[in-house]
Amino acid sequence: MLDKIRVLHEEIEKAVASTTEEVEALRIKYISKKGSVNQLFAEFKNVPNDQKKAVGKALNDLKNSVLEKINALRESFESDDSESDGTDLTMPGEPIKLGTRHPLSLVKNKIIEIFGRLGFTVAEGPEIEDDWHVFSALNFPPEHPARDMQDTFFIEQDPDIVLRTHTSSVQIRVMEQTKPPIRAIFPGRVFRNEAISARSHCIFHQVEGLYVDENVSFADLKQTLLYFAKELFGEDTQIRLRPSYFPFTEPSAEMDVSCSICGGKGCNLCKYTGWLEILGCGMVDPNVLDACNIDNQKYTGFAFGMGIERIALLLYGIKDIRYFFENDIRFLKQFESAI
Ligand code: DAH
């Protein structure tokens, strides 16, 4: 009996396996119910009593050795597996695709960056506003059509509360809270009760600009906007200011830039005028300064406001404003490196 045990011991020590199936075969051969180790346990009852102690110990040692050997072989495969299936763990990882910024954010950031170079800081105001900040303080007469239900989203319970129709409201908030000099831009979302079409939407974005100090002149406004237009549309861009009307500026103007597609010769985009309308602007009306408790004898200022969607449409040659809000990934991922 002890001889048989020794033979099995040697066999087991030398046993090799190169697949998990082979390990399983070894397990069956030695320690399954009919395996050779168990056979010896079955024969144990025939061992003479005086040898039982020694044989019993040898048998148990044999069984433990078999179990250890099988576990060791199994583990060696498990840790080997990753290499044997051809995975090279030293390879660089799969690149993770980053998202891209929304085109409106890209244009907004560009505008902030350009005015930042001229010393304009950034401020924001609430989207849900009161009549004072959206209209009254901005010198809108009580019957002005912009207050009409057609344009403005009112809150039913309280006609004093509106969704702001323009970011000019932030001018008022800033002037109420800050003493001149003030030089800041206010990007934000605005709301108008308008039918949605390729050209207009009921939700869109504007950037407002405000500069209030002693001796601010229309020449300062013009130079600031010329710099902005050249930085955004290219060095050769020209600007043109057309007289216009806004309640909160006097005098008021609308600014056109020379068409970036045809350079002013006339094309489809500029409807053969050579010019594209970009923003409204003017000198802050003294009444507006007064409403914000700023001394309108001492201080003057200029203001301007532009639509981010409109500029993005022109910069990227997009034909329909609705694309900006559909969140079609194929549309959105085209813009990251465009400006
Ligand atoms: N608030 C105007 C609008 O929504 C845009 C505008 C025009 C802003 C002239 C200004 C300005 O600050 O001076 O259309």
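Where is Lys319 found? Lys319 sits in the loop between α10 (308-316) and α11 (323-326). Helices here are DSSP runs of H or I with at least four residues, strands are E runs of at least two, and both are numbered from the N terminus.

Some ground rules. This is a predicted model, where local features need pLDDT of at least 70, side-chain atom pairs count only at pLDDT 80 or more, and totals for chains, interfaces and linings use all residues. Residues are numbered from 1 along each chain as its sequence is written, and side-chain values use heavy atoms, with hydrogens and water left out.

Back to Lys319. Its relative accessible area is 68%, so Lys319 is exposed. The classes: buried is under 20% relative accessible area, exposed is over 50%, partly exposed is in between (1.4 Å probe, protein chains only).

Now the sheet. It is open, with 3 strands in the order β2-β4-β3 and antiparallel pairing. β2 (128-130) and β3 (154-155) stand at the edges; each has a single partner strand, so one side of each has no neighbour in the sheet. Strands pair when DSSP finds at least two bridges between them. β2 and β4 (residues 158-163) pair over 3 bridges. Ile128 stands opposite Leu163 in β4.

Next, salt bridges. How many does the structure hold? There are 16 salt bridges. The criterion is a side-chain nitrogen of Lys or Arg within 4 Å of a carboxyl oxygen of Asp or Glu.

Arg117 and Glu113 form a salt bridge at 2.7 Å, N to O. Both lie in α5 (residues 103-117), 4 residues apart, about one turn of the helix. Arg117 is partly exposed at 41%, and Glu113 is partly exposed at 41%.

Then a link across the chain. Glu127 and Arg189 meet in a salt bridge at 3.1 Å, N to O. This pair links distant parts of the chain: Glu127 is in the loop between β1 (121-122) and β2, Arg189 is in β5 (residues 182-191), and they are 62 residues apart. Glu127 is partly exposed at 28%. Arg189 is partly exposed at 35%.

Asp131 forms a salt bridge with Arg147, with the closest N and O atoms 3.2 Å apart. Asp131 lies in α6 (residues 131-134) and Arg147 in the loop between α6 and β3, so the pair ties together parts 16 residues apart in sequence. Asp131 is buried at 14%; Arg147 is buried at 18%.

Last, a network. Which residues are joined by salt bridges that share partners? Arg240, Arg242, Glu254, Asp256 and Glu277 form one network.
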